[in-house]
Each structure stands twice: as structure tokens, then as C-alpha cells.
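Hi there,

Here is the structure I promised to pass on. Have a look at it first, and then read on for what turned up in it.

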Amino acid sequence: MKKLCAAVNAADKRSHINREIYGNFSEHLGRCIYNGIYVGENSSIPNTNGVRKDIIEAFKEIRLPVLRWPGGCFADEYHWRDGIGDKEKRPKMVNTHWGGVTEDNSFGTHEFFDMCEEIGCEPYLSANVGSGTVEEMADWIEYITFDGVSPLADERRRNGREKPWKLKYLGIGNENWGCGGNMRPEYYADLYRRYQTYCRNFSGNELYKIASGPNVDDYNWTEKIMGIIGDWHAKAISLHYYTIPSGDFAHKGSAVDFTDEVYYQTISQASRIEKLIDKHSAIMKRYSDNMKLVVDEWGCWFDVEEGTNPGFLYQQNTMRDAMVAAVSLNIFNSRSDVVSMANIAQAVNVLQAVILTEGEKLVKTPTYHIFNMYKTHQDSELVYSFTENFETNGMSAVSQSVSLGKEGMTMTFANISLDEAAHIDCSILGFKAKKAQARILTGEVHTFNDFADGNRIAPSEHTVDITDSGISFDLPACSVVSILLS
Ligand code: AHR
């Protein structure tokens, strides 16, 4: 067992951890919306306006702060008018990006906004630039947020919603360097300026506009759009980064069957996000002190499960995914001065999902449990923390973040080593703990929850001793420990 010292200084506040860092992303892709979140009002599965009640409860439990919708690539082919009004009359379309399946538009604007209200999360719209018009986008904002008299607000009322909804987060396009129109940064940036001009702040609603940012390490994209957009028209730009062990989309590998070497490659690839954030934000800072990064697509991308539609991106989720989530969220916390939001891809049944469903059954994945264990970081203040470390496979084994919030001090530690446990002696300055509530998530790294057993990986209570100078606790190999001190 490695004996490690750690230190926390509660008086040394670094940055505010926006609760939106704990966001999710939901796309009309595979079984994320249909046969996932949304089963329809007539389903025998208990639902509220067609949305599964157990999913609503699960999202409430992790205090889901924000949900991005309707895509992804789907967003730049989505025409919001198809998804309002009488469901019987809504036009059907082909979902060309994701499996060529029929989209019947039964889940649209009202269904999404009502669901967000039910969950208590902010809606985050990703609006169509690739194949949509300026008028279409402007109308959508007016339809959703205008409280006065206008043909669009009246139409919303006729469709059953008297009062407008609040809409803060608005993404103007998605991946416009790729599926969102294959644009050059200069062209997109000009389009961005034009589209956003007509997205008005109606009836006291204030939009937080997000420009479509770079893919991975495309620093040229960031440089160009920052130069043209600046911070006059946008609050943030997005960043997309998926963890693929080989770093190559053509060789993603299995979600459940991997060697130790591939496990460490996965963690190493996931950790790249730290450098990406630093480099993109350094470029952004040359143009603005205020612009933020919204990491609105992140997570593991593996091969689809055998026998499933390749266009549905359905993958299992093991203890490896939990380690990726823990390390990534510690990084986002540590970079919360520049990262204002992050959205794991995706919420249900797609990629690194927090929830998997099959018929009426629902499974909370190891990744879900990390979101649950980290939730008291939401809207708290990051404080200085340091852990003496040891190396495993060329990486620091222990990652941590510590914050002070309403409920006390939250500390999250992850030990990525598959074979070395650690004991942490942590001195804490400026905060005297009376009570420690701790949970641990650990297990053999290939273990996953499924519909036969949904509890193979689940958090359990963990022992933390309160010492004269702080706390001390064990951090087993391949484990994540969250501690709430009060
Ligand atoms: O999350 C799956 C897809 O990945 C999204 O639709 C797209 O934005 C990204 O390329």
C-alpha cells in the first residue's frame, strides 16, 4: 500500500464550479430518445407525458443540471416545426445520420421543455445552422420564450403552453466543421454572427449563446472563430472530444473486452482533455477574458455491442468508464475557471450512457454512480488541493478535486492503478470537519451492470477517519472515493 500525503487549503478559493459541468447530452440517435427517455403516453412503462418516470427520478437523483438536445449531427437536420402540434399530423422524416430510421417527431419542443421542467434542469438547445434558415432559428426562440402577442407565441398557446419556457443555453449549430455543413471556420464564423443576431432576448429571457467550437486539437478553428466572433456575440465556444483508446475512430475496440494496456491507454487518452482545454483557452484568452469553453460532447466511444444497429452507438459501460468519468470530471472541476459546462455523450443507451434501458428495465451504469458521487461539487468553489502521487504506466495514479459548497467540503479522489492501493493522509487548512460521509466505487475493471444484475458496480459506504490535521482514508486500486465533510 502506497502511503501518500495530501493537502487542502479551504481559504485558497480558485474558481466557481458551475453545476452545468455535470450536464448530459441527448440526441435523436438510436435508443436515446425513442425507446429510451421517451416511450410515449400509451406505453405500459410508467411515464409522465411519455417520458419514463424512472428516468426522471434517476436524473433528479444526480441533480442533472442541464440537458443538451436534439443533437449532435441530428440538430443540423432538425426542423423544429415538424415536432409541434397534433402528433398524428407531425411529418415523418428519415434520420439519415443515425441508422436511416424513421423519425416520427413525436418527441419535439413541448415534450423536451416539459421534461426539463419536470427534472428541474436547464434545457440546452442545439439549433440548426447546417440545413436550417435564420428565420427558422429566430422563430424557434420566439415560439419558446415570448410572453406577448405574436403569431408564434399564440401558436405555442394553441399547442397547449400558455406561459413561455425559459431558455438559457443556445448552441448555434453543431460540429459545423463536419456533419454541420463541412464549413471553413471563416464561413461558419460569419454565419454565426448572422444567425445569432436574430436570436432575441424576449420577455426577460437571456440567451447564453454558444458558437460551434473545435474538434479535438483543431487550434486553427479556435483561432479563426475567436478572431471573427470575439466575445461580442457569444458567451462560449464548444469543444468536442471523445476518448478512444487507440486514438483512431477506425479502431475503437470493445467496451467490455480489453487488456490492461488498453485500459491505461484509455485513461491516458481521456486525460488529454486537460491539455486541450489549456491550449484552446490560451488562444481564446488572446481575444477575450470572458469567453468560456463548453465541452458539450465528451466520453468514451467504443465499438457497438454485437448484434446491435451500428448506427445506434449502443455500448456497455464498465468500471473503466467510471474511471474515465472520475478523471474527466476532476479535470473539468480543476479547469472551472474556463469550462462553464460539460455534457457527457450521451444520457441514455448511446455511447458512455449514464442509463441503459431494455423494455421496462433500467440500469444505472458505473458512470451514473460517478455523477451521483460528485454531485455536491455542483455550484461550489474549487479550492487548492494537492496529492503526493505515484506513477503508473507513465501517468500520475491519483487524481483529485476539492470544493467548498452549501453542504460542506466535497473531495473526490480516483486511483487509476489496477494493482496499487494507496492510503491518503490529508491535512486540511481552514476547515474543521466534524462529520465525514464517504462512498467508494470500485470493482474489477471489466465489470459492468446489466439487466441480469444492475448492482455489480454500485457505491458503498467508505471509512474516513477525522484526524487532528484533517482526514485519512484508503484509496484501493481502481477506485473512486467521494467524501463530504461537514
Ligand atoms: O454523439 C454522437 C455524435 O458525435 C454527435 O451527433 C456528433 O456531434 C458527434 O460527432
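This is a predicted model: local features need pLDDT of at least 70, side-chain atom pairs count only at pLDDT 80 or more; totals for chains, interfaces and linings use all residues.

Is Asn174 buried or exposed? Asn174 counts as buried, because its relative accessibility is 1% and the cut-off for buried is under 20%. Its side chain makes a polar contact of 2.7 Å with the side chain of Arg68. Leaving aside neighbours within four places in sequence, the residues in contact with Asn174 include Arg68, Gly72, Cys73, Asp76 and Ser126. Further along the chain, Cys179, Gly180, Ser212, His240 and Glu297 are also among its contacts.

Two of those contacts lead on to the ligand. Cys73 and Glu297 are among the residues that come nearest to the ligand, together with Glu27, Glu175 and Tyr242. In total, 13 residues are around the ligand.

Which polar side-chain atoms face the oxygen atoms of the ligand?

- Glu175: a polar side-chain atom lies 2.8 Å from an oxygen atom of the ligand.
- Tyr242: a polar side-chain atom lies 2.7 Å from an oxygen atom of the ligand.
- Gln346: an N or O atom in the side chain is 3.1 Å from an oxygen atom of the ligand.

Taken alone, the ligand exposes 280 Å², and the protein buries 93% of that. The ligand sits in the second largest pocket.

The peptide bond from Gly71 to Gly72 is cis, with omega near 20°. Gly72 is placed in the loop between strand 5 and strand 6. Pro70 is also placed in the loop between strand 5 and strand 6 (93-95), and a cis peptide bond with omega of about 5° joins Trp69 and Pro70.

Leu313 has a positive phi, near 50°, and is not a glycine. Its place is in the loop between strand 12 (292-300) and helix 8 (319-334), and Leu313 is buried, with a relative accessible area of 8%. Cys478 is not a glycine either, yet its phi is positive at about 50°. You will find Cys478 in the loop between strand 25 (470-475) and strand 26 (479-485), where it is buried with a relative accessible area of 3%.

Next comes helix 2 (residues 109-119). How many of its 11 residues are buried? Eight of them are, so the helix is mostly covered. The buried residues are Thr109, His110, Glu111, Phe112, Phe113, Met115, Cys116 and Ile119. Their cover includes strand 4 (51-52), helix 1 (53-61) and strand 5 (66-69). Strand 8 (122-127), helix 3 (134-145) and helix 4 (151-158) are also included in that cover. After helix 2 comes Gly120, with a positive phi near 85°.

Within helix 2, His110 is worth a click. His110 counts as buried because its relative accessibility is 9%. A polar contact of 2.6 Å joins its side chain to that of Tyr143. Beyond neighbours within four places in sequence, His110 is in contact with Ile84, Tyr143, Arg156, Asn159, Arg161 and Trp165. Of these, Arg156 is 46 residues from His110 in sequence, while the two are 8.9 Å apart in space, C-alpha to C-alpha.

Thr376 has its place in the loop between helix 9 (366-373) and strand 16 (380-387). With 13% relative accessibility, Thr376 counts as buried. Not counting residues up to four places away in sequence, Thr376 touches Arg63, Ser403, Glu407, Thr410 and Leu484.

Asp257, by contrast, is exposed, with a relative accessible area of 62%. It is found in the loop between strand 11 (236-243) and helix 7 (260-287). The C-alpha atoms of Asp257 and His446 are separated by 7.1 Å, although the two residues are 189 residues apart along the chain.

Happy browsing, and do write back with any questions.

Best wishes

Technical notes:
Residues are numbered from 1 along each chain as its sequence is written. Side-chain values use heavy atoms; hydrogens and water are left out. Buried means under 20% relative accessible area, exposed over 50%, partly exposed in between (1.4 Å probe, protein chains only). Helices (H or I, at least four residues) and strands (E, at least two) are DSSP runs, numbered from the N terminus. Contact means heavy atoms within 4.5 Å. A residue is near a molecule or strand if one of its heavy atoms lies within 4 Å of it. A polar contact is a pair of N or O atoms within 3.5 Å; within protein, one must be able to donate a hydrogen and the other to accept it, and residues adjacent in sequence count only if both atoms are side-chain atoms. Accessible areas come from the Shrake-Rupley method with a 1.4 Å probe; for residues, only the protein chains shown count as cover. On a 1 Å grid over the protein atoms alone, a cavity is a set of points where a 1.4 Å probe fits but cannot get out, and a pocket is an open set with protein on both sides within 12 Å along at least five of seven lines; lining residues have an atom within 4 Å of a point. A molecule sits in a cavity or pocket if more than half of its atoms lie within 2 Å of its grid points.
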